[in-house]
Amino acid sequence: MAMAMYGRMIMESVYKVVTFIAAVVKQFRCSLGGVFWGTFTPGSKPDTGTSIKMALNENEAGQVRVLTLNDGEHSDGTLHCVQKGWFLRFCLGPSLFGRRVVLYVNHPDEGQEFARNTYRQVPWQYSSENSANDTTAAFAQVKLRVSGAFHYYFVYDGRRVFSDCTGPQGSGFFTVNPELRYGDEEILPLDCIQCQTVLAKSLGPFNTWERKLKVAKESGYNMIHFTPIQELGGSNSSYSLSEQLKLNPIFNEGDKIVTIEEIAQLITKMKRDWKMVSICDIVLNHTANESAWLKEHPECTYNLINCPYLRPAYLLDAVLHQLTVEVAEGKWEFSGIPVEVNSEDHLTAIRNALFGDFIPKAKIPELFCVDSGHLVSEFCSQARNRVPPVAGSAPEEGVLAIIPDPLCRRLKATVDMDLALRLYNVYRSDCFDEDTRLRRCSEEFKLCLEKLNKEILDKIQDHLQAAVENSIAGIRYFRVQSDGPRVKQVSLKNPLVPRYFTEPDTVSDIAQRDRLMYTPEACLVMAHNGWVMSDDPLRNFAASDSNVYLRRELIAWGDSVKLRYGNKPEDCPFLWQHMLEYVEQTARTFDGIRLDNCHSTPMVVAEYLLDAARRIRPDLYVAAELFTNSDQKDNIFVNRLGITSLIREAMSAWDSHEEGRLVYRYGGEPVGAFFQPALRPLVPSVAHALFLDLTHDNPSPVDKRSVFDLLPSAALVAMACCATGSNRGYDELVPHHIHVVDETRYYTEWADEPGTPLTVGYHSGIISAKRALNNLHFMLGASGYNQQKLLQTLETLLLVQVFVDQVDADIVAVTRHCPGTHQSVILVAYTAFTHPDPDYRRDYVKPLRVEGTVDEVILEATLKHSTPDRDSNSDLPVIGGPVYCECDALNHAATEAGGTQLDLNVK
């Protein structure tokens with residue numbers, strides 16, 4: 001047995017068949033790993049017939065999951081996933097014994113449509129007639145007929161949830177997974193999904209789509225994820241849409257306008273003939289700056305008219321933009337800020353310029369402060385017209401505070417004058433006439449106002465300090481840090497900091513922008529969208545109680561403005577209707593939806609629009625990207641929206657150990673778990689993952705890791721017991737980021753025998769190996785699906801148990817095991833998170849021992865340099881991979897009998 005040189009996955013072992021069925025032990029060989037599959041059981045065949053027959057008998061009564069209700073338990077952040085056709089049985093916990101519990105669910109009864117706010121009472125049943133009225137034997141059962149997210153709650157002892165201020169005594173959610181169908185109405189199990197992302201704009205003219213999408217089909221994928229197919233804005237970003245109801249004109253074929261119906265026909269053909277389903281992004285929380293409908297409906301955005309609290313942040317944005325303009329013109333070069341900012345000294349000079357010149361001139365704190373002179377005069381005027389206080393009066397209680405001006409005008413903040421008069425227009429024993437008393441009272445009031453102004457000034461200065469430091473941090477990353485993009489020259493195209501607001505072209509300096517804020521045209525000053533690191537995703541960062549824009553905490557997308565829906569359709573009728581038509585059109589065309597930027601999408605908006613999409617396509621598959629850093633918050637989104645799969649990425653792993661942990665984390669049962677009966681408790685679960693080796697948002701692993709890591713990482717992902725996927729270009733070993741904004745080239749087309757770099761085929765990149773890996777993943781997932789349905793037979797391989805073994809710092813072994821037949825598939829992946837040194841030699845690695853016999857090598861693959869002196873195809877008119885690497889793959893390699901030990905050492 002031998003492992004080839006680092007960067008190759010080659011293993012040779014001797015195997016013997018000892019199992020009672022055609023055991024298939026599978027080994028994957030790659031420059032960085034290996035895979036084995038089969039039955040590792042010494043001795044005679046396992047006695048699985050009895051357990052399988054019992055399972056089949058239980059299945060006749062259907063799958064039942066039991067959810068126990070407890071008093072005061074509200075499990076909004078707990079995820080309970082079930083399948084269509086199952087029964088969900090509610091039972092009472094000890095805390096509810098003896099109570100008259102009434103249970104409500106919004107899962108529709110047979111023949112009814114789902115309405116989120118319509119609940120039905122579920123009657124209690126008893127296990128036998130003798131147990132009637134015995135709450136310990138009571139249960140309420142729901143037949144799960146439709147997919148989606150559903151809510152339940154219960155009350156007891158005659159309480160009514162809508163009239164009792166205490167609310168329900170317990171509540172929670174359950175999600176019912178959709179059934180995806182393709183081909184001849186075959187079901188595609190969720191754990192069998194193999195999805196490839198394509199940038200719709202890189203598909204080019206519609207008449208070339210089929211040849212380009214065939215690359216995914218021939219690579220073994222069964223789902224295509226399209227980025228938005230709608231008309232894009234001026235930035236050409238795939239996620240900045242200028243018109244949600246029009247297709248991207250790049251799809252047109254000369255004078256022929258492509259229609260959504262033609263795209264739907266292709267999607268149907270792929271689903272029927274290629275057995276490939278399709279999903280497409282929907283972008284709900286922003287639109288391109290150039291969207292024509294914004295001028296007619298500025299109320300759809302966060303602008304300076306409907307959100308005047310954003311005016312201070314806009315003024316600061318104007319200040320920072322002015323700095324960019326002047327630096328680009330070379331006006332600050334002699335003050336230490338050159339046109340090319342690339343050092344810490346330059347950042348220090350920028351900080352000094354902002355605090356010493358730009359920010360003081362803008363006088364931003366005046367938008368929050370009071371005019372003490374004006375308020376003192378008003379105080380004196382009103383105090384003179386009041387009856388003077390008398391000695392011995394009890395002192396008034398209360399604390400005076402500044403009341404911000406709702407329009408954020410300069411020095412227009414105020415205070416509660418009635419409270420001020422009660423607190424400061426008081427009897428003074430040291431004054432012998434009224435004028436002196438009023439003067440002393442006014443002086444005290446003025447001192448109070450100055451103190452309040454000082455507190456506001458300190459608070460605003462703290463915000464401005466944070467804003468400057470956040471801006472400096474951004475400049476440092478983009479222009480100074482070695483791991484950043486190292487942008488060179490400062491210009492309007494590459495400003496020092498991104499703009500937070502889009503504005504009319506009629507303004508050019510800070511003074512004009514200051515005046516613009518208070519004119520009707522201020523409705524065209526609209527806040528950009530973005531995301532806030534480590535922020536609460538359930539909070540609206542553009543709301544009036546947020547300082548995200550003022551503190552410059554937003555990672556802004558300067559090509560798109562944030563949309564302002566309100567809380568219900570009546571708050572912004574045009575926007576809700578416009579987006580409703582957009583989502584319904586997408587649901588009619590595709591089998592599923594990917595909810596872009598889900599963490600920043602208002603929950604009520606997503607609920608409303610996904611409900612509409614499910615009315616059109618009841619078994620709607622919904623994937624979403626969530627950056628909450630919290631499983632509990634992830635579950636809240638999944639529960640409320642009925643998200644089927646959350647996007648997860650292997651590239652988030654910083655080493656092989658973490659990558660192995662992710663494989664184990666995202667699905668499967670522990671090796672050694674028992675067979676489960678058809679009736680069992682419903683236990684909390686982890687959100688189903690769509691686990692990708694690379695998403696389209698991130699750079700190529702050729703840049704971040706090594707070209708030799710693509711094959712073993714893809715193999716690790718393929719062993720995960722969940723949906724998997726990749727990005728177009730990964731399998732072709734494209735060495736650069738296929739950027740959602742900057743990329744203008746088209747994808748290559750499929751050719752069975754590619755003769756030019758303009759086409760791809762089985763011999764391109766790692767496509768042949770990826771096809772075998774996708775086939776392996778499908779087989780493993782289909783087996784697990786059969787177990788979930790309890791339709792297994794003696795010939796079915798149920799490989800749903802997962803074990804991950806960290807052999808050493810680079811080698812990870814993953815086992816998928818069948819508890820019924822004791823067959824296993826083992827992958828040994830030799831990762832390369834850094835580019836290997838040609839002279840590197842490994843230390844001794846202990847052999848990998850298995851219980852039983854290795855029966856078959858599923859896949860043997862090699863990734864190697866072919867012409868290391870040649871560069872990648874960066875000058876081609878299409879998106880191509882490197883020409884210096886090639887992959888050889890051998891499927892189902894024959895083995896000899898005998899071996900149970902695998903030598904992992906490099907020879």
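I looked up Leu411 and found it partly exposed, at a relative accessible area of 32%; buried means under 20%, exposed over 50%, partly exposed in between (1.4 Å probe, protein chains only). Leu411 sits in the loop between strand S21 (402-403) and strand S22 (414-415). Its phi is near 55°, positive in a residue other than glycine. Helices (H or I, at least four residues) and strands (E, at least two) are DSSP runs, numbered from the N terminus.

This is a predicted model: local features need pLDDT of at least 70, side-chain atom pairs count only at pLDDT 80 or more, and totals for chains, interfaces and linings use all residues. Residues are numbered from 1 along each chain as its sequence is written, and side-chain values use heavy atoms, without hydrogens and water.

Next, Ser534. Ser534 is not a glycine, yet has a positive phi of about 60°. I placed Ser534 in the loop between strand S24 (526-532) and strand S25 (554-562). Ser534 is exposed, with 66% relative accessible area.

Then Thr628. I found this residue in the loop between strand S27 (621-624) and helix H13 (631-641). Thr628 counts as buried, at 8% relative accessibility. Thr628 touches Pro537, Lys633, Asp634 and Phe637, leaving aside residues up to four places away in sequence; contact means heavy atoms within 4.5 Å. A polar atom of the Thr628 side chain lies 3.0 Å from the backbone oxygen of Ser630.

Last, a sheet. I read an open sheet of five strands, ordered S9-S10-S6-S3-S30, with mixed pairing; two strands pair if DSSP finds at least two bridges between them. Strands S6 (residues 87-92) and S10 (residues 138-143) run antiparallel, joined by five bridges. Phe90 has Ala140 in S10 as its bridge partner.

Key:
Polar contact = N/O pair within 3.5 Å; in protein donor to acceptor, adjacent residues only side chain to side chain.
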